[in-house]
Amino acid sequence: MTQKQLGEACGLSQSAISRLEKRGTGSYSRDTLAAVAAHLGIPLRMVGLAEQRTVRNGFEQVERRAFLGGVAATATSPILSIAANGDATGNQAAALRLNTATYRRLDSSTPSRDLAEAVHAHIRLIQNVTRDVADDGQRPRLAAVGSEAASLAAWLAWDMGDYGSARSWYGSAIRAARAAQDQLLAAYQAGSLAQFEAHAGNGAQALNLARSARRYLGEQRPAVADAWLCSVEALAHAASRDERATDRALTRSRAVAEKIRHEDPPPWPWVFQFDANKVASCRVTCGARLGLADWVLNDDIAALTSGHAKQRALLVLDLAAGHLAAGRIEAAFALASRALDTGLQYRSGRIVERSRAVRRSLSLTSPPKVVRDFDERLHGVYL
């Protein structure tokens with residue numbers, strides 16, 4: 001794994017990973033250690049962090065709920081330790097926000113069904129803190145924290161295939177962002193819902209939401225927001241089967257992405273950088289929706305080596321759709337089977353349903369063995 005791949009998986013830059021590797025026995029940020037250890041599958045005790053264990057059937061296993069709670073506690077402890085000094089509510093908001101960021105990073109290596117319970121409990125904590133705060137002037141800050149957590153809950157529901165809950169959580173995220181009076185956050189949440197609707201096939205609704213996001217941003221918008229929204233608009237146009245508009249949006253997204261200074265961390269609420277590789281991945285997805293094999297198969301997709309297994313599996317399914325469009329059935333279902341493995345490993349309803357969609361796109365009276373084997377694997381999967 002390269003430094004860039006590990007950094008993308010953990011929400012860090014390549015240079016940050018490089019500094020981490022060169023630090024030797026020096027001090028480390030505990031939330032960074034927790035995120036990297038979780039992604040690489042390293043026991044927390046091996047990097048000097050506490051973890052709880054339970055013994056089942058003679059084998060030592062990490063208790064997942066305790067692990068998730070432990071990572072969150074580790075992440076917030078540096079901020080909570082200074083809560084006695086200065087603005088206590090501000091420190092509460094910062095600690096809660098850091099907690100959310102930790103959960104977002106764990107999403108790359110943890111089944112959403114395991115993470116959702118901890119995130120919902122985290123949202124209840126944010127609601128309780130907001131309810132009990134005495135200073136009304138602090139409520140916008142806590143509303144912003146609640147908005148980001150609700151957006152994460154929406155993402156997890158989407159991955160689990162629960163579209164109704166995903167829409168409900170995204171709606172809550174947008175309302176909380178408005179209450180926070182944070183235009184950048186409101187744009188991010190509207191754009192996230194637009195992305196969801198585009199993937200769901202609702203192109204017109206996705207475009208309307210993307211326009212709302214741009215209105216929130218106004219003229220002074222970060223390059224990462226502009227490039228990302230262009231990619232969302234491309235997905236929306238692809239859902240509406242508009243090839244020319246899709247290509248224009250992708251071209252603009254790539255041009256803006258080239259202006260982003262990638263040595264700087266992305267502006268909150270973005271956790272991961274947006275770069276040319278993300279645009280290339282979006283082009284593959286759009287090509288799969290449009291049935292354009294040349295869009296899907298002619299790009300060098302660095303995202304296929306990224307650390308986010310679930311996102312990588314979805315991209316592999318888009319590549320499988322491209323191979324099907326080109327008539328390469330054997331290659332298509334070899335890729336689809338690989339992606340389905342990941343979907344079953346992480347119990348991802350979104351990946352499994354996308355696998356079914358790829359299968360539905362092929363209609364043969366006498367399918368070859370690779371397709372029959374794929375059907376057999378899908379039979380009896382209920383996610």
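Which side chains meet in a salt bridge at 3.0 Å, N to O? Those of arginine 354 and aspartate 318 do. This is a predicted model, where local features need pLDDT of at least 70, side-chain atom pairs count only at pLDDT 80 or more, and totals for chains, interfaces and linings use all residues. Residues are numbered from 1 along each chain as its sequence is written, and side-chain values use heavy atoms, with hydrogens and water left out.

A salt bridge here is a side-chain nitrogen of Lys or Arg within 4 Å of a carboxyl oxygen of Asp or Glu. Searching the whole structure turns up 19 salt bridges. Here are three of them, with helices taken as DSSP runs (H or I, at least four residues) numbered from the N terminus.

| Pair | N to O distance | Helices |
|---|---|---|
| Arginine 214 and glutamate 233 | 2.7 Å | α10 (residues 203-217) and α11 (residues 223-239) |
| Arginine 354 and aspartate 318 | 3.0 Å | α17 (residues 349-360) and α15 (residues 309-325) |
| Arginine 377 and aspartate 341 | 2.6 Å | α18 (residues 369-378) and α16 (residues 329-345) |

Now for where these side chains sit. Buried means under 20% relative accessible area, exposed over 50%, and partly exposed in between (1.4 Å probe, protein chains only). Arginine 214 and glutamate 233 are both buried, and arginine 354 and aspartate 318 are buried too. Arginine 377, on the other hand, is partly exposed at 32%, and aspartate 341 is partly exposed at 39%.

There's also a network: salt bridges with shared partners join Arg214, Arg221, Asp226, Glu233 and Arg252.

Notes:
Helices (H or I, at least four residues) and strands (E, at least two) are DSSP runs, numbered from the N terminus.
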